[in-house]
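Biologist: I'm new to this one and would like a walk through its features. Could we open it up and go step by step?

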Amino acid sequence: MSTSSSFETLQVTRPAPGVVHVAMNRPEKLNAMNRKFWEEIRVCFEQLSQDGAVRAIVLSGNGRIFTAGLDLMDHGTSLTPDAPDTARKGFAFFKFVKAYQASFSAIANARQPVIAAVHNACVGGGVDLVSACDVRLCDKSAWFSIKEVDIGMTADVGTLQRMPKIIGNDSLMRELAFTGRKLKADEALRVGFVSGVEETQD
């Protein structure tokens, strides 16, 4: 097994010929997505997409949970840009969001199938992340939450664009986005957000 140590927030291994395993690797921070992560996930998947030796990519999270979503502490004032007026603040935030959308679009645009393997909590940006994958699998401990609503944000890095097409239920999509409630593994399977539920993470 060869391992790449060129990323700070990702662990990239090749467990079998043609297979790459990309694991979010900030377990001490519950794989919260800091600014470095957003840069590295884009670069990682753009590189893998061009690698002819790669035939499938598995995406997971190291540690107790899949991901806690956006690292609010690391982003600080990034979410409230300093600008002289409301219009310029909005434009600065627009550029910020477009850059983050590009990070997860790199997953959606990868030439190889990308399989998300989710365990325990998949919160906020995690739902954006797995919505960009081709296949979503989870274990019985998994749950998903569009948590942005609780901090007055919009899930605009992929969830609201991709998840409605995945589950095909506008009413449920709105409920999940408006309430931020947990979508547990069994319900996620029933509504088609995941295609399989395993007993354990392994």
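Biologist: How many cavities of 30 Å³ or more does the structure hold?

Modeller: A quick word on the ground rules: this is a predicted model, where local features need pLDDT of at least 70 and side-chain atom pairs count only at pLDDT 80 or more, while totals for chains, interfaces and linings use all residues. Residues are numbered from 1 along each chain as its sequence is written, and side-chain values use heavy atoms, leaving out hydrogens and water.

Modeller: Now the general idea: rolling a probe the size of a water molecule over the atoms shows where empty space is left. On a 1 Å grid over the protein atoms alone, a cavity is a set of points where a 1.4 Å probe fits but cannot get out, and lining residues have an atom within 4 Å of a point. Grid points are joined across faces, edges and corners, and the volume is the space filled by probe spheres set on the points. Here there is 1 cavity of 30 Å³ or more, and the largest cavity has a volume of about 40 Å³.

Biologist: Which residues line the largest cavity?

Modeller: Val127, Phe144, Ser145, Ile146, Met163, Leu176, Arg181 and Leu183 do. The lining divides into 6 nonpolar, 1 polar and 1 charged. In that count, Ala, Val, Leu, Ile, Met, Phe, Trp, Tyr, Cys and Pro are nonpolar, Asp, Glu, Lys and Arg are charged, and the others, Gly among them, are polar.

Biologist: How many disulfides does a search of the whole structure find?

Modeller: A disulfide is a pair of cysteine sulfur atoms within 2.5 Å. The search finds 0. For Cys44, the nearest cysteine sulfur is that of Cys133, 12 Å away. For Cys122, the nearest is also that of Cys133, at 9.2 Å.

Biologist: Is Cys44 buried or exposed?

Modeller: Buried means under 20% relative accessible area, exposed over 50%, and partly exposed in between (1.4 Å probe, protein chains only). Cys44 is at 2%, so it counts as buried. Cys122, at 0%, is buried too.

Biologist: Which residues of α1 are buried?

Modeller: Helices (H or I, at least four residues) and strands (E, at least two) are DSSP runs, numbered from the N terminus. In α1, the buried residues are Phe37, Trp38, Glu40, Ile41, Cys44, Phe45, Leu48 and Ser49. Helix α1 covers residues 35-49, which is 15 residues, and reaches 22 Å from its first C-alpha to its last, close to the 21 Å expected at 1.5 Å a residue. That expected span is 1.5 Å times one less than the number of residues.

Biologist: What is phi of Asn31 near?

Modeller: Most residues other than glycine have a negative phi. Asn31 has a positive value, near 55°. Asn31 sits in the loop between β3 (19-24) and α1, and it is buried because its relative accessibility is 2%. Asn120 also has a positive phi, about 55°, although it is not a glycine. Asn120 lies in the loop between β5 (114-118) and β6 (121-123) and, at 26% relative accessibility, is partly exposed.

Biologist: What is Ala185 in contact with, leaving aside its neighbours within four places in sequence?

Modeller: Contact means heavy atoms within 4.5 Å. Ala185 is in contact with Cys138, Asp139, Lys140, Ala142, Val194 and Val197. Ala185 is found in helix α7 (residues 185-190) and, at 3% relative accessibility, is buried.

Notes:
1 Å grid on protein atoms, 1.4 Å probe; cavity = no way out; pocket = protein on both sides within 12 Å on 5 of 7 lines; lining within 4 Å.
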